[in-house]
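Subject: Structure handover

Hello,

Here is the structure you asked about, with my notes below it. Please read them with the structure open beside you.

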Amino acid sequence: MPVASSSRASKRHRRAPSSDIEEDGPSQARPRQEEEDVEMDEEEQQPRRSKKDKKRQANQDDSDAEPNVDDEDVPVPEIKDQPLDRVTGQKVHGLAGDWAVLRDKVHSQSYNFVREVGAAVAEFTEGEKGEKALTTVDCLMRELLDTEQELNSHEQALDDIYNRISRGDEIVGVTDVYEKLVKEKLNAYNSKTSRQKYAKSDPYQKFKQAIYEVHHPDTAMPPVVDLIPREDGDVSDDDDDEVQIGGVTQDYKCPLTLTILDDPLTSKQCGHSYSAFAIKEYLGPNRTKSKECPATGCHKLICLNDLQEDKDLARRAKEAARRERAREEDSDDDGEVIE
């Protein structure tokens, strides 16, 4: 009995620390476990990096910590302009073509519009007001011609560079060469007088012709040079040996019908125009069979394939017909006798 009781007492003594530990467990063991779980979650959320990424990061840290001052002092090698080769020359030639397209497809279309405006101003305005309006339109036409010359200067400069490359010339600093050529051509043009700039310009001659035939119907226009005031630098009219050809009287009548042109077709062989229905009937259905031009004094052979539409002439023919009717009405009004 005494032995048993002492054994039980010893067991109770041994269990006491265990109970104490269990009582302290919830307050100490659980927070430690939660911290470990949080650390594991953070590690799982971070992407795994390869050895290369770690090495790259280490190098980046080294460069940030110890910047290499010597690298900032290393001079950048100067790259000089290289001469243009033939392949690049073809590209330069293509750029010149772009300037030509810009001039022909966009800019040149403005000439017909300004010419029509000039003819309308000449017809519907009179006196001092009309003269000022015509002067304004004339300045606009000259500005268009000047702009076209500027476009030509760019195109010609690129063509000059292309030709030099084709000959095997070495061109270094192409931008400077290009700008210099353009400037030289513009300076040469701007040094000319108004007569030298515009007297031989086909768009300007047509512009003047349209205005002149409104003011002077059925009268041939004098040479354009006579319509432009003489300036310093122009040769005297007496000393000018060059033959100046004046304008012609524009005939808007068909040589077959002897009436105003209707849907005119113009021959590429002789430049004469005819009403479409009349010339087609005259030449027949065979497009290659030729006949003599029906215009008086012309002996050129023409066929249907030689004819082309002329919308600009058709528009001017309608305007001429309208002006003729207006003159006839004015003449009838003047002939009436008021009693």
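Three strands form an open sheet in the order β2-β1-β5, and the pairing is antiparallel. β2 and β5 are the edge strands, each with a single partner, so one side of each has no neighbour in the sheet. From one strand to the next the twist averages 35 degrees. Please keep in mind that this is a predicted model.

**The chain overall**

The chain has eleven helices and five strands. Of its 339 residues, 27% are buried. Taking contacts between residues at least 6 apart in sequence, 63% join residues at least 24 apart.

**Strand β1 and its two partners**

β1 covers residues 264-267. Pro264 and Thr266 point one way from this strand, Leu265 and Ser267 point the other way, and all are buried. As background, side chains in a regular strand alternate between the two faces of the sheet.

On one side, β1 is joined by three bridges to β2, residues 273-275, and the two run antiparallel. Leu265 has Tyr274 of β2 as its bridge partner. β1 and β2 form a hairpin with five residues between them, and in the turn Gly271 has a positive phi of about 85 degrees.

β1 also pairs with β5, residues 307-309, again over three bridges and in the antiparallel sense. Within that pairing, Thr266 stands opposite Gln308, and Ser267 has Leu307 as its bridge partner.

Helix α10, residues 276-283, lies across β1, β2 and β5. Its direction is at about 95 degrees to β2.

**Gln308**

Leaving out neighbours within four places in sequence, Gln308 is in contact with Pro264, Leu265, Thr266 and Lys268. Lys268 is 40 residues away from Gln308 along the chain, yet their C-alpha atoms are separated by 7.4 Å.

**Helices α5 and α6**

Two packed helices are described by the angle between their axes and the distance between the axes. For α5 (residues 110-124) and α6 (residues 127-166), the axes come within 9 Å and cross at roughly 170 degrees. That angle makes α5 roughly antiparallel to α6. On the α5 side, the contact is made by Ser110, Tyr111, Val114, Arg115, Val117, Gly118, Val121 and Ala122. On the α6 side, the residues are Gly130, Ala133, Leu134, Val137, Leu140, Met141, Leu144, Leu145 and Glu148. By class, this contact has twelve nonpolar, three polar and two charged residues.

An unreviewed UniProt entry places a "coiled-coil region" at residues 137-164. In the model this span is 100% helix and 0% strand, and its end C-alpha atoms lie 41 Å apart.

**Loop residues to look at**

Most residues other than glycine have a negative phi.

- Leu258 has a phi of about 60 degrees, although it is not a glycine. Leu258 is in the loop between α9 (202-215) and β1, and it counts as exposed because its relative accessibility is 61%.
- Asp263 has a positive phi near 50 degrees and is likewise a residue other than glycine. Asp263 is in the loop between α9 and β1, and with a relative accessible area of 47% it is partly exposed.

Lys200 belongs to another loop, the one between α8 (194-198) and α9. With a relative accessible area of 62%, Lys200 is exposed. Which residue 25 places from Lys200 in sequence lies 8.2 Å from it, C-alpha to C-alpha? That residue is Val225.

Regards

Conventions:
Residues are numbered from 1 along each chain as its sequence is written. This is a predicted model: local features need pLDDT of at least 70, side-chain atom pairs count only at pLDDT 80 or more; totals for chains, interfaces and linings use all residues. Side-chain values use heavy atoms; hydrogens and water are left out. Buried means under 20% relative accessible area, exposed over 50%, partly exposed in between (1.4 Å probe, protein chains only). Helices (H or I, at least four residues) and strands (E, at least two) are DSSP runs, numbered from the N terminus. Two strands pair if DSSP finds at least two bridges between them. Axes are lines fitted to C-alpha atoms, for helices over the stretch in contact, and angles run from 0 to 180 degrees between N-to-C directions. Angles under 35 degrees count as roughly parallel, over 145 as roughly antiparallel, 65 to 115 as roughly perpendicular and the rest as oblique. Contact means heavy atoms within 4.5 Å. Ala, Val, Leu, Ile, Met, Phe, Trp, Tyr, Cys and Pro count as nonpolar, Asp, Glu, Lys and Arg as charged, and the others, Gly among them, as polar. UniProt positions are given in the numbering used here, feature names are shortened, and annotations may be inferred rather than shown by experiment.
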